[in-house]
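Dear colleague,

Please find below the structure that I am handing over to you. The findings follow after it.

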Amino acid sequence: MKKILLSFVLIFLTGSLYAGVKVVPLKSSIAGESFQTYIVIDALKALGYQVEPIQEVAYAVGYETIAQNSKSNDIYFLADSWRPLHDAMVEKAGGDKKLFSKGVYIANSAQGYLIDKKTADKYHIKYINQLKDPKIAKLFDANGDGKADLAGCNPGWGCEKVINYQLKAYGLDKTVTHNQGQYSAIIADAITRYKKGKPILYYTWTPYWVSGVLVPGKDVTWLQVTHSAHPIVKSTKLPNGMDFGFSINNQKIVANKSIETKHPDVAKLFSIMKLSVNDVSSENLLITKGQDKDADMQRHAKMWIKQHQATFDKWIQEAKAAK
């Protein structure tokens with residue numbers, strides 16, 4: 001009886017049944033991941049939860065933080081868990097024993113290497129392995145050291161380990177330099193070089209705004225690999241026989257394990273929410289057009305919800321039923 005009375009008091013004072021529950025959204029430094037995170041936040045608010053501001057952390061730190069709260073009554077979540085790319089980090093944090101990750105939030109996320117189409121066509125470059133030839137690699141030399149400059153992946157994202165592994169596996173470590181740091185700055189430099197008519201070599205992923213600026217098939221070309229070489233999966237070959245060196249990833253919402261029993265409505269919500277790659281890419285393109293403030297990305301999320309209101313309402317209805 002006391003618990004029931006306390007619940008009514010909390011509802012009266014705060015307007016929320018979940019006033020005593022802390023909800024903490026976690027996100028990497030990638031601005032393009034804010035959109036999908038805010039959609040999750042708005043869905044949680046629709047269920048009656050009060051959500052704290054997003055905490056920006058490295059992926060590994062995010063998984064560890066969630067795992068440390070595996071038995072908590074609070075809710076910690078990351079809306080952008082790349083699988084299988086992040087499998088090692090997930091397992092290190094405790095895997096299914098400490099983390100909840102059911103359902104697929106964003107399916108068919110691709111990754112890989114690209115070069116400008118002009119150079120690809122002129123020199124008949126189809127495979128990243130061809131850069132083992134110093135003459136081919138030198139085409140993408142941006143600093144005069146004779147080696148190709150690859151606009152690569154931030155340390156801690158997971159993709160950097162795959163790239164470094166492949167550079168050695170394909171014998172490219174002597175002809176290609178993997179430039180790392182702030183991806184936004186590195187890719188901006190590559191785009192500037194492209195606009196000046198110079199050859200470029202870079203890593204990217206979808207959904208992301210880069211492929212809206214450097215359009216595959218028009219401006220740039222995806223490079224394949226001659227054979228799979230990946231530190232996590234045995235084969236990266238697609239059903240159509242093509243192989244871009246990276247397996248197709250699914251992005252999941254990961255949360256502390258305790259939500260299954262303490263917040264079944266949230267567990268249900270996280271397992272049924274779905275966004276399309278195209279919707280995320282379209283929003284990310286708005287970021288490149290100056291709509292890059294946090295308030296912009298919150299607005300983008302609300303716009304998406306309004307345009308897909310029936311779908312959003314169904315998520316909420318099913319989640320409430322699970323409670």
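Helices (H or I, at least four residues) and strands (E, at least two) are DSSP runs, numbered from the N terminus. Please note that this is a predicted model, in which local features need pLDDT of at least 70 and side-chain atom pairs count only at pLDDT 80 or more, while totals for chains, interfaces and linings use all residues. Residues are numbered from 1 along each chain as its sequence is written, and side-chain values use heavy atoms, with hydrogens and water left out.

I begin with the backbone. Most residues other than glycine have a negative phi, and most peptide bonds are trans. Proline 207, in the loop between E9 and H9, is joined to threonine 206 by a cis peptide bond with omega of about 5°. Another cis peptide bond, with omega of about 15°, links arginine 83 to proline 84; proline 84 is in the loop between strand E3 (75-83) and helix H4 (87-93).

Asparagine 108, in strand E5 (residues 106-109), has a phi of about 60°. Asparagine 108 is exposed (over 50% relative accessible area; buried is under 20% and partly exposed in between, with a 1.4 Å probe and protein chains only), its value being 55%. Histidine 124 has a phi of about 55° and is located in the loop between helix H5 (117-123) and helix H6 (134-138). Histidine 124 is also exposed, with a relative accessible area of 65%.

Helix H8 (residues 183-195) has 13 residues and spans 18 Å from first to last C-alpha, close to the expected 18 Å, which is 1.5 Å times one less than its number of residues. Its buried residues are Tyr183, Ile186, Ile187, Ala190, Ile191 and Arg193. Seen down the axis of H8, these fall within an arc of 160° and so line one face of the helix; the arc is that of the directions from the helix axis to the C-beta atoms. They pack against strands E7 (148-151), E8 (176-179) and E9 (201-205) and helix H9 (210-213), contact meaning heavy atoms within 4.5 Å. Just after H8, glycine 197 takes a positive phi of about 85°.

Finally, which residues of H11 meet H14? They are Pro264, Asp265, Lys268, Leu269 and Ile272, and their partners in H14 are Trp315, Ile316, Glu318, Ala319 and Ala322.

Yours sincerely
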